[in-house]
Amino acid sequence: MSAARIELLADADRRGGWLLLADRIRQSYVDMDDPTYLDFEYARALGDIVDALPAGPLAVTHIGGGAMMLARYVAVTRPGSPQIVLEPDAEVTALVRAKLPLPRGARVRVRPVGGRAGLAELRDGSADVIILDAFQGGRVPADLGTVEFFTDAARVLRADGLMLANIADGPALGYARRVVAALSTVFAHGLLIADPAVLRGRRFGNVELAASAAPLPIAAAQRSAARAIFPRRVVAGADLVELVGDARPARDADALRSPAPPEETWRVALSDSD
């Protein structure tokens, strides 16, 4: 597979704003003047769930780095938080570090390794939160949505640790349902957040997932979803069980990538001079 074309674009409408593209697909948005600003709705949803956890520093592992928007957010909102970013593309990391340096005092270590391999190297019970936000060609890699992957994530998490994931799916939610089934095999509690149109199968879009051995901050997630610019729906409990239905949990033996995104809505149009 050829290397993705990586670009950093300054936001003409927001001073300090930068958009990271990979093959014209939006990967990260960073505001260098205000790292707490999360432009992407899915990032805001995940950030709000992290905010609902008890106060104080958190040990966070990020699977997928890009411009490290959520790592920057945690570094500012939870000062002193030790964070590990698993990002296999060393060239992307070098570009981001050169052009968009991390906030002063951020305890962020980037390891040039893929999610499964990097996770396997981490100690048992070493993370409060794991955030999965990894895409290749606009698709979540097949090995990052299986029972085996989430079992290893549970090993790395502390007893009440939180697994968060950003994935994407289209009509019928066939991929998301199998990933949620895999999460439910490993974790006792789960929730899903998505645009109502995505849940109804009317369009392709992001789906946010949260899972834990401990009860989740469902009320906080619902408040966040209700006040979003484009309100989203939180699905949990019996409603989540109904949504998954008879979907088989994804396993390594039959793993699948998330569906390819629609070109017309997920790729940024650039002029020949860009």
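Mentor: The discussion below concerns a predicted model.

Trainee: Why is Arg5 called partly exposed?

Mentor: The relative accessibility of Arg5 is 42%. Buried requires under 20% and exposed over 50%, so Arg5 at 42% counts as partly exposed. Arg5 lies in the segment before β1 (6-10).

Trainee: What makes the pair Arg5 and Glu7 a polar contact?

Mentor: The side chains of Arg5 and Glu7 are joined at 3.0 Å. The cut-off for N or O atoms is within 3.5 Å, and the pair therefore qualifies as a polar contact. Arg5 also lies 5.5 Å from Ala22, C-alpha to C-alpha, although 17 residues separate Arg5 and Ala22 in sequence.

Trainee: How do you know that β4 and β7 pair?

Mentor: Four bridges join β4 (residues 60-63) to β7 (residues 127-132). Pairing needs at least two bridges, so β4 and β7 pair. The two strands run parallel, and Ile63 stands opposite Leu132 in β7.

Trainee: Which order do the strands of the open sheet follow, and what makes a strand an edge strand there?

Mentor: The eight strands follow the order β6-β5-β4-β7-β8-β10-β9-β11, with mixed pairing. The edge strands, β6 (107-111) and β11 (233-236), each pair on one side only. From one strand to the next, the twist averages 15 degrees.

Trainee: How do α1 and α2 cross?

Mentor: The axes of α1 (residues 41-51) and α2 (residues 69-77) come within 11 Å and cross at roughly 35 degrees; the crossing is right-handed. Residues in the contact include Leu46 of α1 and Leu70 of α2.

Notes. Residues numbered from 1 in each chain as written. Predicted model: local features only at pLDDT ≥ 70, side-chain atom pairs only at ≥ 80, totals over all residues. Heavy atoms only, no water. Axes fitted to C-alpha atoms, helices over the stretch in contact; angles between N-to-C directions. Left-handed = near helix turned anticlockwise from the far one by under 90°. Contact = heavy atoms within 4.5 Å. Buried < 20%, exposed > 50% of the residue type's maximum accessible area, 1.4 Å probe, protein only. Polar contact = N/O pair within 3.5 Å; in protein donor to acceptor, adjacent residues only side chain to side chain.
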